[in-house]
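This report describes strand pairing, disulfide links and aromatic contacts in one protein model. Please keep the sequence and the structure in view while reading.

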Amino acid sequence: MQADCVGSGSFGGGFQTSLLAGWTQLVARSGPCTGAGSTGSWAVGEIIPVDRETYGQFICRGKLTYGYGSDVWFSTPRGWSWSGGTADARWDKKGC
């Protein structure tokens with residue numbers, strides 16, 4: 001498994017979130033990276049319980065439009081989902 005699929009540290013969690021505006025689906029994966037296999041997904045209107053958070057693959061949200069991103073992933077009952085797809089995104093890097 002690639003290094004960013006393993007997760008670095010474990011912190012936070014213990015809250016609920018939902019999809020970020022403009023998203024219709026967010027995939028849950030077996031590890032905190034896009035290369036990990038899908039273990040489910042979250043759709044519009046669903047509540048996403050977040051158990052813990054970890055650092056995984058960094059994803060830039062719209063390089064030209066937004067120019068910021070995150071490597072924070074949420075552990076959910078369906079698997080790991082990128083925080084950037086949620087209403088509680090953890091934008092931790094700018095200028096990507």
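## Terms and basis

Helices (H or I, at least four residues) and strands (E, at least two) are DSSP runs, numbered from the N terminus. Two strands are said to pair if DSSP finds at least two bridges between them.

This is a predicted model, in which local features need pLDDT of at least 70 and side-chain atom pairs count only at pLDDT 80 or more, while totals for chains, interfaces and linings use all residues. Residues are numbered from 1 along each chain as its sequence is written, and side-chain values use heavy atoms, with hydrogens and water left out.

## Strand pairing around β6

Strand β6 covers residues 52–61 and pairs with strand β1 (residues 8–11) in the antiparallel sense, over two bridges. In this pairing, Phe-11 stands opposite Glu-53 of β6.

Strand β6 also runs antiparallel to strand β7 (residues 68–76), to which seven bridges join it. Here Tyr-55 is the residue opposite Val-72 in β7. The hairpin formed by β6 and β7 has six residues between the strands, and Gly-62 in this hairpin takes a positive phi near 55°.

## Disulfide links

A disulfide is taken as a pair of cysteine sulfur atoms within 2.5 Å. A search of the whole structure finds two disulfides. One of them is formed by Cys-5 and Cys-33, with the sulfur atoms 1.6 Å apart. Cys-5 lies in the segment before β1 and Cys-33 in the loop between β3 (25–29) and β4 (38–43), so this link ties together parts that are 28 residues apart in sequence. Cys-5 and Cys-33 are both buried; for relative accessible area, buried means under 20%, exposed over 50% and partly exposed in between (1.4 Å probe, protein chains only).

The other link joins Cys-60 to Cys-96, with an S to S distance of 2.0 Å. This link is right-handed, with 75° about the S-S bond. Distant parts of the chain are connected by the pair, as Cys-60 belongs to strand β6 and Cys-96 to the segment after β9 (93–94), 36 residues apart. Cys-60 counts as partly exposed at 27% relative accessibility, and Cys-96 counts as partly exposed at 23%. With the bonded cysteines of the protein chain numbered in sequence order, the pairing reads 1-2, 3-4.

## Aromatic contacts

Rings of Phe, Tyr and Trp (its six-membered ring) pair if their centres lie within 6.5 Å; planes under 30 degrees apart count as stacked, over 60 as edge-to-face and the rest as tilted. By this rule the count comes to five aromatic pairs. Among them is the edge-to-face pair of Phe-15 and Phe-74, at 5.5 Å centre to centre and with 85° between the planes. Phe-15 lies in strand β2 (residues 15–17) and Phe-74 in strand β7, so the pair ties together parts that are 59 residues apart in sequence. Phe-74 counts as buried, at 1% relative accessibility.

Trp-82 and Trp-91 have ring centres 5.8 Å apart and planes at 75°, so this pair is edge-to-face. Trp-82 counts as buried at 7% relative accessibility, whereas Trp-91, at 31%, counts as partly exposed.

## A charge over a ring

A charge sits over a ring if NZ of Lys or CZ of Arg is within 6 Å of the ring centre and within 35 degrees of the ring normal. Arg-78 lies over the face of Trp-42, at 3.7 Å from the ring centre.
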